Amino acid sequence: PRCMSPQPEKLWADLFKMQVVGGTVTWHDQVLNATEEEREEKYWDNKLYSYRNHSYNWRQRKNPCYDSYYNDIIVAQNLLASNIGIIAKKGNRKNYFFAVNDIITAQPISGAKIKLYNYQQQQFHQLVTNSEGIATYNSDKEAHFATVTKLGNTSYIKLNDGSALSLSKFDVSGVKTQKGIKGYLYGERGVWRPGDSIYLNFVLNDYDNRLPDDHPVKLEVTDPEGKLVFKKTLVDHVDRFYTFPFATTTESMTGIYKAKVSVGGAKFQKSLKVETVKPNRIKMKLDFDDEIFSLGKKLHGQLQLNWLHGAAAKNLRASVKAKVVNTTTRFKGYESYLFNDPTRDYRSEEIELFNKRVDEQGSATLDQTLTLGENAPGMLRVNFLVKAYETGGDFSIDAFSKKYAPMSRMWVYNLLRKAIMVRTLPR
């Protein structure tokens, strides 16, 4: 036989132009006009590659200009007309919650029959909604889909994981129930010092998995190095509230302690902060004449130190440091405008405004001119850090901030004129 065409769609035509039993078998006479039974007989006699009439070409399966593109393509859509709306939720323990309502009136539908089916489309359970249109089901079986029927209306809902609505943009993590047991461990405050007594309390919720009334509850506390420092087991409680008091020593290690409660196979943990925290013993007050500072204008401020019992903290050394940082410029009534110059940038700067002793009344005066931020893109913020040192070496600390306008009036005028011309688009 002659060489066949390399194109697959012409392969069959070339086959039937071969010499067979002394004559040339043509495509038109022997194939197109033959019945399917005759072509099948030739197929089993190894005279045909295929006895079915089709022109499928795998290489052209995505080309709409060829018949192969339309091979076995079916466009179908199920249309369901029903007034029944369904909300279905699945829990971690394969428990199902159904809420059925009327789509037109938004009212709950009572007495609706809910049938649950598995993947093999076999019904394995049936529910009926209550007066609020709600039905629940607890089982170890997986439901693949469900049907809801009421007064001739039927709705279908898929219950497999792939058909569930995405909750990735919502915080729905919550707390998982451990073997039907919930618990919460808490203390009387958030931080303790070495030598303090720590009063831990644990509340138990075992409504889904009832435990005996005298079931033991064990608490273990480990220090930051993981060493066990306290262990206790309780069976006495008041309405499932358990109290675990224990004390630290003045030599106790500072850091994060771990408290773990074990009950009924479930475990609950809490972090305990033990730090050498010292509260302020001196009250610091720093007042300025101006609410907003200006470039080149002298700051006039008054510093006052008092002990917490009210007496003046006289003759104590105090320091005031200011850190100037960038911020966004905003004016009331012009929130939709941009006042910051995008062509400028400013890096934070820190200066010391005061480092002296206060007088007999615990007072001191601050007089200093700010010359920072001449090339700032807009308004700045000054963060003040005030420290008052006791004679014994301890100190108290406080912080607050003020606005700083490092620009002249003409600069502000030009900036406002540009801002009115270029207004930000609403989001």
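Me: Lys179, buried or exposed?

Reply: Exposed, with a relative accessibility of 57%. The cut-offs are under 20% relative accessible area for buried, over 50% for exposed, and partly exposed in between (1.4 Å probe, protein chains only). One caution: this is a predicted model, so local features need pLDDT of at least 70 and side-chain atom pairs count only at pLDDT 80 or more, while totals for chains, interfaces and linings use all residues. Residues are numbered from 1 along each chain as its sequence is written, and side-chain values use heavy atoms, with hydrogens and water left out.

Me: Where is Lys179 found?

Reply: In the loop between β9 (153–158) and β10 (182–187). Helices (H or I, at least four residues) and strands (E, at least two) are DSSP runs, numbered from the N terminus.

Me: What about phi for Lys179?

Reply: Positive, about 55°, and Lys179 is not a glycine. Most residues other than glycine have a negative phi. Asp239 also has a positive phi of about 55° without being a glycine. Asp239 sits in the loop between β14 (228–234) and β15 (241–247), and it is exposed at 65% relative accessibility.

Me: OK, zooming out. How many helices and strands in the protein?

Reply: Four helices and 25 strands. The protein has 427 residues, and 30% of them are buried. The exposed surface comes to about 29,400 Å², with carbon and sulfur atoms supplying 50% of it; those areas come from the Shrake-Rupley method with a 1.4 Å probe, and for residues only the protein chains shown count as cover.

Me: And what share of contacts join residues at least 24 apart?

Reply: 59%, taken among contacts between residues at least 6 apart in sequence. Contact here means heavy atoms within 4.5 Å.

Me: Switching to charges. How many salt bridges does the structure hold?

Reply: 13, each being a side-chain nitrogen of Lys or Arg within 4 Å of a carboxyl oxygen of Asp or Glu. One of them joins Glu142 and Lys90 at 2.7 Å, N to O. Glu142 lies in the loop between β7 (134–138) and β8 (145–150) and Lys90 in strand β3, so this pair ties together parts that are 52 residues apart in sequence.

Me: Glu142, buried or partly exposed?

Reply: Partly exposed, at 40% relative accessibility. Lys90 is partly exposed too, with 35%.

Me: Which residues are linked in a network of salt bridges?

Reply: Glu188, Arg189, Arg193 and Asp196. Arg193 is partly exposed at 40% relative accessible area, whereas Asp196 is buried at 17%.

Me: Which residue does Glu225 meet in a salt bridge?

Reply: Lys227, at 3.6 Å, N to O. Both residues of that pair are exposed. Tyr257 is worth a look here: its C-alpha is 8.6 Å from that of Glu225, though they are 32 residues apart in sequence.

Me: Tyr257, buried or exposed?

Reply: Buried, with a relative accessible area of 7%. Tyr257 sits in strand β16 (residues 255–263). Leaving aside neighbours within four places in sequence, its contacts include Val221, Pro224, Val229, Lys270 and Leu272.

Me: How about Glu390, where is that found?

Reply: In the loop between β24 (380–389) and β25 (395–405). Glu390 is buried, at 11% relative accessibility. Not counting residues up to four places away in sequence, Glu390 touches Arg281, Ile282, Trp307, Leu316, Phe395 and Ser396.

Me: Last topic, the surface. Which residues gather in a patch of negative charge?

Reply: Glu37, Glu38, Glu41 and Asp45. Patches are made of residues with over 30% relative accessible area and no salt bridge, joining like charges within 9 Å and nonpolar side chains (Val, Leu, Ile, Met, Phe, Trp, Tyr) within 5 Å. Lys and Arg count as positive and Asp and Glu as negative, with His and the chain ends not counted; a charge is placed at NZ of Lys, CZ of Arg, CG of Asp or CD of Glu. Asp45 is in the loop between α3 (36–44) and β3 (84–90), partly exposed at 44%.

Me: And which residues form a nonpolar patch?

Reply: Tyr69, Tyr70, Ile73 and Val75, with about 450 Å² of accessible area together. Val75 is in the loop between α3 and β3, and it is exposed at 82% relative accessibility.
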